[in-house]
Amino acid sequence: MLEIGGGTGANLSFYGPEVESLTITEPETPMVRRLDRRARKRAPLAKVLRAPAEDLPFEDGTFDVAVSTLVLCGVSDQPRALRQLRRVLRPGGQLVFIEHVRSDDARLARQQDRMNWVNQLVMCCDCNRPTLTSVQEAGFTVTHVEHLTMPKAPPFVSPLVVGSATAPVAAASTDAELVRQHLS
């Protein structure tokens, strides 16, 4: 199992004994140190690596499951991060996600647009991305999705999607192949 953007390890308690192998990436060095300390206590067999979601240092088809929790709103290149997730998942592998999204409500979406600069400045989060569409455009098949709101959050950051998606069963494509497909 792979978790991208593990932060301080908030998800560690959710990985039970059925998770035989856990790799967690985090791009920020200070966070990697905190994550590593927490992982040693809560998941001593977990492997913690400094790596951005846009450049995952793994062979194609390495993982059965990938987890993204409020990460795809903060990556610098969301389509590339999703292509990387697709690449490192085995064919038929599962992406599990909880992500900020652009609201379907036009009024709230306009508020997200107006307030997004503040959120980017304070939280490094682009909370109004069409993340679910981006998941599908990266070649995943969304198998489950729920539209929820984050409790006690300002309205412009509260829309969430919680769901799962499956990587294509056909052989995984490299980034170069995907670029050629998009140019065709």
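I began with threonine 23, which stands opposite lysine 47 in β3. The two strands concerned, β2 (residues 23-26) and β3 (residues 47-50), pair in the parallel sense over 4 bridges, where pairing requires that DSSP finds at least two bridges between two strands. I then followed the chain from β2 through helix α1 (residues 29-42) to β3 and found this β-α-β crossover to be right-handed, a term that applies if, with the strands pointing away from the viewer, the path from the first strand over the helix to the second runs clockwise. Helices (H or I, at least four residues) and strands (E, at least two) are DSSP runs, numbered from the N terminus.

I note that this is a predicted model, in which local features need pLDDT of at least 70 and side-chain atom pairs count only at pLDDT 80 or more, while totals for chains, interfaces and linings use all residues. Residues are numbered from 1 along each chain as its sequence is written, and side-chain values use heavy atoms, with hydrogens and water left out.

Next I looked up the sheet as a whole, which is open, has 7 strands in the order β3-β2-β1-β4-β5-β7-β6, and shows mixed pairing. Its edge strands are β3 and β6 (141-149), each of which pairs on one side only.

I turned to β4 (residues 63-69) and β5 (residues 89-100), which pair in the parallel sense over 6 bridges, and here alanine 66 has leucine 95 in β5 as its bridge partner. The chain crosses from β4 through helix α2 (residues 78-88) to β5, and I recorded this β-α-β crossover as right-handed.

For the antiparallel part, I found 7 bridges joining β5 to β7, with histidine 100 opposite leucine 160 in β7. Strand β7 (residues 159-166) also pairs with β6 in the antiparallel sense, over 8 bridges, and valine 145 stands opposite glycine 163 in β7.

Last, I checked the surface, where Trp117, Leu121, Val122 and Met123 form a nonpolar patch with about 510 Å² of accessible area together. Such patches are made of residues with over 30% relative accessible area and no salt bridge, nonpolar side chains (Val, Leu, Ile, Met, Phe, Trp, Tyr) being joined within 5 Å and like charges within 9 Å; a salt bridge is a side-chain nitrogen of Lys or Arg within 4 Å of a carboxyl oxygen of Asp or Glu. Areas come from the Shrake-Rupley method with a 1.4 Å probe, and for residues only the protein chains shown count as cover. Methionine 123 lies in helix α3 (residues 106-123) and is exposed, with a relative accessible area of 57%, exposed meaning over 50%.

Definitions and conventions. Buried means under 20% relative accessible area, exposed over 50%, partly exposed in between (1.4 Å probe, protein chains only).
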